Amino acid sequence: MRYYIADPHFYHAALNTAMDKRGFENVEAMNEYMIRKWNEKVRKNDEVVILGDLSWGKAAQTNELLEQLNGQLFLIQGNHDYYLSDKRFNRDRFVWIRPYAEIHDNRRKVILSHYPIMCYNGQYHMNKKGNPDVYMLHGHVHDTHDQRLLEQFRDIAENYVIEGIDGGQRKIPCNLINCFCMYSDYEPLTLDEWIQKDAERRKIRSSF
């Protein structure tokens, strides 16, 4: 099984009171909860793609953290993964560390970047049933005004009519999904679970 998650920010105590306002009593309680949620879902041979900003901790702290997390780990580098520049950090826990990647997940192409890409590779591709077969998974924006702007962009794109290859009219697919950890209660999710979670959030937003 393959899972995805973005912006856990282990050891980042300030996120309990600022920005995310996660509300944990302290950073130790936050780390403990996120580790438990992770390991309740992920098994030893499962794959987890972390879409950046795994840890705010130092190299030694992050090394210790990684030994507690289940799964085969893949990292898309985020802007706050400072531990990567420390020679004392052990990279062996990751299968790979990349700034960007394109992979396939159950016959669908997945674009992986810490930063959202509004015009991503393969955005217009559809399968034979007319459904999208390319998704852009990202993090970085948490649940901030930047996420609201992305939601507005997606609404505009999906209602923008263009001419298709066959001469007919079509709307622009825009499958940007923010895999922010708080959206899943800190639990890594599969691609299908993120698609469903995103649809639920969009439905709630459209009801206001």
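Analyst: The questions below go from the whole chain to a single residue, and the model they rest on is predicted.

User: How many helices and strands does the secondary structure of the chain come to?

Analyst: Reading from the N terminus, the elements run β-α-β-α-β-β-β-β-β-α-β-β-β-α. Counted by kind, the secondary structure comes to four helices and 10 strands.

User: Which radius of gyration does the chain have, beside that of a compact globule with 208 residues?

Analyst: The C-alpha atoms fill a box of roughly 60 × 35 × 30 Å along the principal axes. For 208 residues, a compact globule would have a radius of gyration near 17 Å, and the chain agrees with this, because its own value is 18 Å.

User: What share of the contacts in the chain with a separation of 6 or more is between residues 24 or more positions apart?

Analyst: Contact here means that heavy atoms lie within 4.5 Å. Of the contacts with a separation of 6 or more, the share that joins residues 24 or more positions apart is 66%.

User: Is Gly71 buried or exposed?

Analyst: Gly71 sits in the loop between α2 (59–68) and β3 (72–76), and beyond its neighbours within four places in sequence it is in contact with Val42, Arg43, Lys44, Asp46 and Arg93. The relative accessible area of Gly71 is 7%, and a residue counts as buried under 20%. Gly71 is therefore buried.

Conventions
Residues numbered from 1 in each chain as written. Predicted model: local features only at pLDDT ≥ 70, side-chain atom pairs only at ≥ 80, totals over all residues. Heavy atoms only, no water. Helix = DSSP H or I, 4+ residues; strand = E, 2+ residues; numbered from the N terminus. Rg over C-alpha atoms; globule rule 2.2 N^0.38 Å. Buried < 20%, exposed > 50% of the residue type's maximum accessible area, 1.4 Å probe, protein only.
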